[in-house]
Every structure is written in C-alpha cells, then in structure tokens.
Amino acid sequence: MSWILAAPLVLPFLTAVLSFLWRHSPAGRRISVAGNVALLVAAGALLAAVLDEGVVAGQMGGWAAPFGITLVADYLGAAMAMITAITALATALYAMGDIDEHKAGLGFHALFNVLIGGVTGAFLTGDLFNLYVWFEVMLISSFGLLVLGASRAQIDGGIKYVTLNLISTILFLSGVGLLYGMTGTLNMADLARVVPALEDQGLVTTVAMLFMIAFGVKAAVFPLFFWLPASYHTPAYAVSAVFAGLLTKVGVYALIRVFTMIFTEDTGYTHTILLWVAGLTMITGVLGAAAQNDMRKILSFHIVSQIGYMVLGLALYTPLAVAGAVFYVVHHIIVKANLFLIAGIAERAAGSSDLARIGGLYKSAPLLGALFLVPAFSLAGFPPLSGFWAKYVLVAAALDVQGWLVAGVALLVGALTIYSMTKIWAEAFWKAHPDGVEPKLTRIGTAQRRWLLAPVIGLAALTMLIGLFPQPFIGFAETAAQQLLDPSDYIRTVLGADALPMPADLAEEAS
Amino acid sequence: MNSIILRAGTRYLSALLLVFSLYMLLRGHNEPGGGFIGGLIGAIGFVLFAIASGVADARRSLRVQPQNIAMVGLGIALIAGIAAALFGDDLFTGQWLFLGAALGEKGLPLSTVLVFDIGVYLVVFGSILTLVFAMEEEI
C-alpha cells in the first residue's frame, strides 16, 4: 500500500527536477503541466483507495511505526492531497500564460513543484517531525517564489514573510522537542494514544499552546496574520493564487490534526482560546479588507477572515462543526485560488489591480464578469454556491451548542464579505474605465488567453458542482470528522491491530 | 582578491579539498561523514578558488551551472528512493549488493543508500555554490 501514498510525493519532486533542467525551453512548462496531470491521477488513486478502505498507511524505508516515517491518508488527508493536486494543475496551466520566459528561466516551475511536493507531504505525513520538515520545504520554496524577479515590493514582502514564518517554525520545533521529551515518540498515531495517558496534563497544555501559536502563524489567524496581507499581493498572480489557496490551509490542517487527535484532554482551555481566535480573525480580516482598495489586497485580507471560519469549526469541536471546517477548507481552496487567478486576468485586461484605476470589465469582458461572480458570491455564502453550504453547516453547528454570539459573528462577517465583493464588482467591473480604455479580453494574446481562462473556468465549474450537489461532499466531510474525533481506525492502521487499548506496560510508563 | 600566494596555494588546496570531500562522502555510511558534509567540503574547494581567481574563472572550471548540479543531485536521490520499487519494497528502502561476497566475507557492499548520499552531496555542493557565486557577483 505504500506506493500509492508515496506517488503523490515523488511526482512533484520528479517534475521539479525535469522542469528545472529544461527551464530555458518551452519544454519546462509542459513538463510541469504533465507532471501535475500525473499528480492528479495519483491523488485520485489515493482518494479511491481511502474511500475503499477508510485509512491507508505506509512505512517509508520499511522501518516499522512508530520508529520510521509513516505516511498516512485518512479521509481528511486524502481529500487535501486531491484538492492540492487540483489547485496545482490549475495553477500550472495558468502559469503557461502568466509566467514569462525570464521567470521560467530563474526556475519558477521547479520551485512551484517543490512547493506542491511540500504541501502534499504535509497533508500525508503521519509524523510530527516529518511535518516540520515539510513545513521547511514549503517555506524555502515559497520564499523563492515570492521574491522571484526581485522587485522592491517583492523583497519587502518576502522578508516579512520569511521572518514571521521562521519564528513559527522555531516554536513548532521547540514544541516537537518538548513533546518528544515527554512521550518518546513523534508518530501522530502513537501520540494520539500516549498523550491522553500522560500524568502531567498541565505541561501537555503548555506544549499544545506552542503548537497553537506555531500553526496559528502559518494559518494567519488573529493576532498573528499581519505577514499575509503584507506579502501576498507582491508576486506573480500564479504564485499568489497557489499561496492563497494552499499555504494558509496547511496551517489550518495542522491545527485541525493536532487539536482533534493529540491535544484533546483540556478542550475547555485550548478550544475556548481557539473560539475567541476564530471570532476575532473573522472580524479583523473582513474589516481589514473593507479598508483596502487593491484587488489583491482585498482578497488577501479575505483569506484571513475565511480562516476564522475554519478555526471556528475546529473550536466548536462537535462532529458537525469539524465536518464543517473540513468542508470549508476544501471549498475555500478552490474559490480563493480562483479569485486570485481572475484578478490576474483582470489586471492583464484592464492594466492594474488598483480599483481606482480600472473599470469597465463587465461591459467589455462579460465572460470574466460571470466567472468572477461565481467564486465571489461563493466566498460571501450565496446559495446555491459551495460557500453557502460551508457557512450553513458551521452556523448550524454553532447554534447547536448555543453559540449565539459566534453564529452572529459568522453571519455578520458573511454580510461584510458581500460588501467587499460588491466593491470589487462595482469598481472593476461596473464603472467605466477612468482612462477610457476598453479592457477587452482580446487585449491578451489568443494562446495566452486560453491558458489563463481554462483553469478559471474549471475551478468555477467545480464550485458550482459542489454547490449544486453538496450532499456527497458533506457526507465525506462528516466521515472525515468522525475519523478525526475518534482516531482508533487511524491508530490501528498505523500501529497494528493490537495497538488499542494501549498495552499496560506502556500506559504505566507514560504515567 | 589579487594575491599570488593565495592563487598558487589555492591550486593545491582546491584539489585536496575535492579529493577529501569524496573521501568524506564514501566513509560516511558507518563513520562520521557522508553526503552533506562531503558536499560542504567540496563546495569550499570551489569557493576558495572563486575568492582567489574570481567567480568567472570558478564558473568556467566548474563547466556546469551549479544550480543544475543541485537539481541533478535531487534527481539522483529521488531515483535512489524509487529504486526500491523494482524490488517490491517501500519507498527509500535500502537495496544492497555485496560484490564478491563469500562465507564469512562481506565483500564490497554497494547500496542505493550510497546513491542517495551521492545525490545529497550534489545537492549541497550545487546549492552552496549557487548562493556563493551569486553573492560574489553581487559584490
């Protein structure tokens, strides 16, 4: 079973190597697209295997768990790998039109594929230290992508990005070290059964807070989010899109993973903090967006506010809420990546991403207008798009546990999201172009236009699909939540059928 | 830096460092050393050369772009890991071949682990030189 898990990791790195060696010819770009098609197939095969068996695990190098590196795919992991592959393919296609020869020659496609490999690795690993390694892989490659081309704004954004993220990884590493000192294991399945048996739960909660801060920086939650709006509007649009779609979600994924499987003994403390964080993240993000006047900056702040919804699902900590968080992550990756891709096309057609300096897109490019409306209204939570169901599930889960306040905040933030989306609509699409330019899509070359539009149409179709047929996706998310809240299947698959209940000698040692 | 002493000394030192880096690479499986440290030592050989004779000369004598070396190294390391598939093992399981092994005699052990280490050597060697050359050229 291990190769079906290893393939989605190996393919991006292989693609990176090949596309780098051919970086000066068009072959490099094509290799990148072909590699990402292969990745989609591999992720699809993994998802099929997980749907078939529940949890799939493999031991790398043949070292038995918990001593070696374990790769595990449960419902959540497999879904995240799948959505990563979809986003990666969309971005690789978009990059065919967006990335010029200069940036390709500097190694854009290699860095991009290494980033995808890092993200997939983070979703599929079953080992906390290995997760740290994947975080580093992502950090290095994303920093490269961020400063590629080396304009002043990019370096400025890049420094802020890398500094804040380094602090986060240091905290993560300290947490990993302390946890290893307390338990003698870093295998997540092993931790899930050992940590609850530890005597000193106060210390466990302290370490849990280290992880919360570390992953919180990655996920860009309040009050640790400020690196995100400072850097995401600077690089190429293809880079922005893949960052916006995937990177913060890795942080959210890590939060969900450790705070449902490992640190669950003192939820009254940790998850209450998460609840406050969620509410404040939603509000500050959406208010920050309202103050912005640049398309990409507005969208960047909206990443922050939407992260709040996902953390809210985790913080409420009921099966329905966690299912809502999982559903929200998947929906949001598609929608957010798509909005950034559309912003890129809008800038190419109209000449800027500053809302004051563009306009007239609806009249000259109605197709782009229609394509913008799908993810924008989905983000705001209009029925029947995917965002409506995501918000619906979360608000319902909040009302179930009498969380009137957070439910109200979630609804209010949804309304304010509409304000930002209509602002973009009114400024970029509705009003006349201030310079009298007609921002037709035909201003972009034919071949280039096709590469740019194809992924946007594909992602918009996916949003519609999830919106119109939400039942299978929500059912999937509910199973994923079940597996997270009761990880006994996960533990048995990784450590063997007799891993639970924990052997008496181990339990004694732990206490 | 224009110094005859440094340039003359570097000729010997660079060669020595490169040979030593290979030695460190090969002894690394059971003793201190290995691909990472070997790659660092090898890179120092060329860094010294670049300081003494200039980056242009160092690039010329390297013949290949250092970033390509790093990427090829990554490819070699990957192939070493994937090779396990041919023998039906998990990813990155070491495959061993004992050349001329007899009873009580281990022979010459060759393995995919060594191939992986060579890949690591090239990655470290290539990426250090990419960084150092770029910085030297900036200055």
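I will speak about confidence, then about the interface, and finally about one proline.

What you see is a predicted model, in which local features need pLDDT of at least 70 and side-chain atom pairs count only at pLDDT 80 or more, while totals for chains, interfaces and linings use all residues. Residues are numbered from 1 along each chain as its sequence is written, chains are lettered from A and ligands numbered from 1 in the order in which they are written, and side-chain values use heavy atoms, with hydrogens and water left out.

The model has an ipTM of 0.87 and a pTM of 0.92, and chain B has a mean pLDDT of 88, pLDDT being the predictor's confidence in each residue, from 0 to 100.

Turning to the interface, 17 residues of chain B and 16 residues of chain A are in contact, which here means heavy atoms within 4.5 Å. Together the two chains bury about 1300 Å², with 75% of it on carbon and sulfur atoms; buried area is the accessible area (1.4 Å probe) that two parts lose on being put together, summed over both. On the side of chain B, the residues losing the most area to chain A are B:Met71, B:Leu78 and B:Leu91, which together account for 43% of what that side buries.

Finally, A:Pro439 is buried, with a relative accessible area of 0%, where buried means under 20%, exposed over 50%, and partly exposed in between (1.4 Å probe, protein chains only). Leaving out residues up to four places away in sequence, A:Pro439 touches several residues, including A:Ala349, A:Leu361 and A:His433.
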